[in-house]
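I opened my notebook today to look at a ligand and the protein around it. Here is what I looked up, entry by entry.

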Amino acid sequence: MNDTQLSTPSAHARLQGQVALVTGASAGIGAATALALAAEGAAVALVARRQERLEVLAGQIRAAGGQALVIGTDLNDAEQARATVTRAVSELGRLDILVNNAGLMLLGPVADADASDWERMMTLNVLTLMHLTQAAVQVMKPQGRGHIVNISSVSGRGAGPTSAGYSASKWAVGGFSEGLRQEVRLHGIRVTVIEPGVVATELTDHITHAATKAAYESRISEMTPLEAEDVAAAVVYATTQPQRVNVNEILIRPLDQG
Ligand code: NDP
């Protein structure tokens, strides 16, 4: 992170007075998004399991004059996931933006896949996102305003060998988001799906199928991937538009990715 990315929120910060909850804020896209929203003046609830990392991030945000709340939680537990929304609202006063970012990409061929990988992805990438969204919408409806940002993937629009399980989870995010958008717009709530291509993060580290992991890492090494900050900028773009603008979808690939 450089100094500009950690700039102190100014009087012109476009999200001043708003509260955002970012899942998966301990690394990668989530951490960059939390910093970017805080730089726009939002108070940010930081959610992930690795609390010590969240504390460091919260320290950076506070040092720059922002407000951050650390919630160390395993989002695979639906009740704990919902409780993060309750806690953010009780400690920060409201909830304007939910960024459903926490996710897993456990690539592998269908025939050889560890079926527990599918369960972990469907739980975190899909069901957790749905539980959090429901809890957030219940808060946002009475406010008459809110924004749900779902981090999907290019794998939410297409699929290929070794991506079937991951794509299934991200296509589910797309279907859920489309129905949600049409429903909640009547209550002033906006819904944005962001579909990044390859981003340089820890996401690849968790792939359990060794040959697939090696092939994927080799593919990435031949390109200049997106940085987490590039995706964070897309979140900021969507969330800082005037209320009349509902940015439905942002597809963003590295120049090197076909
Ligand atoms: P990282 O692996 O860098 O970060 C994942 C985040 O999710 C971490 O903060 C991790 O925190 C959190 N997380 C994982 N499991 C849990 C859990 N059970 N409870 C709470 N938090 C959890 O990945 P990225 O930043 O790359 O990924 C973020 C999102 O972007 C994902 O949805 C991914 O599918 C999507 N994406 C990523 C792309 C890429 O190429 N990197 C491309 C397209 C989409 P902790 O371990 O501390 O709990």
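**Entry 1: the shell.** I began by sorting the residues around the ligand by class, and I counted 13 nonpolar, 12 polar and five charged ones. I noted that I am working with a predicted model. Next I asked myself which residues come nearest to the ligand. Out of the 30 in the shell, these turned out to be Ser26, Arg49, Asn101, Tyr166 and Thr201. I also checked the helices: α1 (28-39) and α5 (164-184) each give the shell at least two residues.

Entry 2: I then looked up some distances to oxygen atoms of the ligand. For Tyr166, I found a polar side-chain atom 2.6 Å from such an oxygen. For Lys170, a polar side-chain atom lies 2.9 Å from a ligand oxygen. Leu203 takes part with its backbone: a polar atom there is 3.4 Å from an oxygen of the ligand. How much of the ligand's accessible area does the protein cover? I wrote down 97% of the 890 Å² that the ligand has on its own.

Entry 3: My last stop was strand β3, residues 68-72. Are its residues mostly buried or exposed? Four of the five are buried, so I noted the strand as mostly covered, with "buried" meaning under 20% relative accessible area. Its partner β2 (residues 43-48) pairs with β3 in the parallel sense, over five bridges. I found Leu46 standing opposite Val70 of β3. Finally I traced the chain from β2 through helix α2 (residues 51-63) to β3, and this β-α-β crossover is right-handed.

Terms used
Residues are numbered from 1 along each chain as its sequence is written. This is a predicted model: local features need pLDDT of at least 70, side-chain atom pairs count only at pLDDT 80 or more; totals for chains, interfaces and linings use all residues. Side-chain values use heavy atoms; hydrogens and water are left out. A residue is near a molecule or strand if one of its heavy atoms lies within 4 Å of it. A polar contact is a pair of N or O atoms within 3.5 Å; within protein, one must be able to donate a hydrogen and the other to accept it, and residues adjacent in sequence count only if both atoms are side-chain atoms. Accessible areas come from the Shrake-Rupley method with a 1.4 Å probe; for residues, only the protein chains shown count as cover. Ala, Val, Leu, Ile, Met, Phe, Trp, Tyr, Cys and Pro count as nonpolar, Asp, Glu, Lys and Arg as charged, and the others, Gly among them, as polar. Buried means under 20% relative accessible area, exposed over 50%, partly exposed in between (1.4 Å probe, protein chains only). Two strands pair if DSSP finds at least two bridges between them. A crossover is right-handed if, with the strands pointing away from the viewer, the path from the first strand over the helix to the second runs clockwise.
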